[in-house]
Amino acid sequence: MKIDLPGTQPAADSTGPAQAAGPALCAGAGPAAVNDAAAGAAPRRGRPRSEAAEQAIFAAVERLMEDGSSLAELSVERIAAAAGVGKATIYRRWSNKEALLVDVIDRLEEPPPPLAGPTYRDDLITLVDYMRRRGLAKRSRWVVKSALGQMGAWPELKATYHERVIKPRRELIRMVVRRGVAEGELRSDVDVELLCELILGPILVRSVLWDDAPLDDPDLARAMIDTVLQGIGTRPRPEPSDRP
């Protein structure tokens, strides 16, 4: 099974302009890149025909999933019929069904928030709160939970989703942690990946592993970040002795 990554998809049909970056850009680029792209985009008058077809395809997949269809049961023929378009319209935008499903699942999630600071701590709180809201959405929207849950049976789809969606979000937390290290606020003798895991670990445990744990407290992210930054020990640990 071959899934094309962004930049290798076929061009849009001649009834409208080439496919814009759309949701894939929001998932695969940092906030600054997304804002720059939006600022440089030419103003549109109405919705181009090709974009309307794309939105109809996305809506059809979501509707089929809401009606109980599994990812395996979705075929290009069935999606095209539900969207009121021909199969060729789908294949002009996506090389196969799996590439389309990655875009659909990406759309179901809230895009990463802009990191406005002013401090690295504020940005960490913003990112953890984003994970909190993402966990709430997964619990409240059956279609999101179903789609993410089924990806384990689709290794290629899961790998592409991680490359397109998860990896850019992980790079956001790395960027903020590196900033904290550079400013002398975070320890430079600890591996950056470990620092990221210590920061994101609590919210991931609560939102993914313990899916009945409360997530509705808007101050949860701040409490988690401050607890990690301040440490959980009541007193400094003694330095290890070199004596046997």
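Helices are DSSP runs of H or I of at least four residues, numbered from the N terminus.

**Figure 1. Largest pocket of the predicted model.** The volume of the largest pocket is about 840 Å³. Its lining comprises 32 residues, and those closest to the pocket centre are Met-131, Arg-134, His-162, Ile-166 and Leu-204.

**Figure 2. Helices that line the largest pocket.** Two or more lining residues come from each of helix H7 (120-140), helix H8 (142-150), helix H9 (155-182) and helix H10 (192-209). Among these elements, H9 gives the most to the lining, with nine residues.

**Figure 3. Residue classes in the lining of the largest pocket.** The lining of the largest pocket contains 16 nonpolar residues, together with eleven charged and five polar residues.

**Figure 4. Second largest pocket.** A volume of about 550 Å³ is computed for the second largest pocket. It is lined by 17 residues, and Leu-195, Leu-198, Val-228, Leu-229 and Gly-231 lie nearest its centre.

**Figure 5. Helices and residue classes in the lining of the second largest pocket.** H10 and helix H11 (220-230) are the elements that give two or more residues to the lining of the second largest pocket. H10 gives the most, with six residues. By class, this lining has twelve nonpolar, three charged and two polar residues.

**Figure 6. Helix H10 at both pockets.** H10 (192-209) gives two or more residues to the lining of the largest pocket, and H10 also gives two or more to that of the second largest pocket.

Conventions:
Residues numbered from 1 in each chain as written. Predicted model: local features only at pLDDT ≥ 70, side-chain atom pairs only at ≥ 80, totals over all residues. Heavy atoms only, no water. 1 Å grid on protein atoms, 1.4 Å probe; cavity = no way out; pocket = protein on both sides within 12 Å on 5 of 7 lines; lining within 4 Å. Points joined across faces, edges and corners; volume = space filled by probe spheres on them. Nonpolar A, V, L, I, M, F, W, Y, C, P; charged D, E, K, R; others polar.
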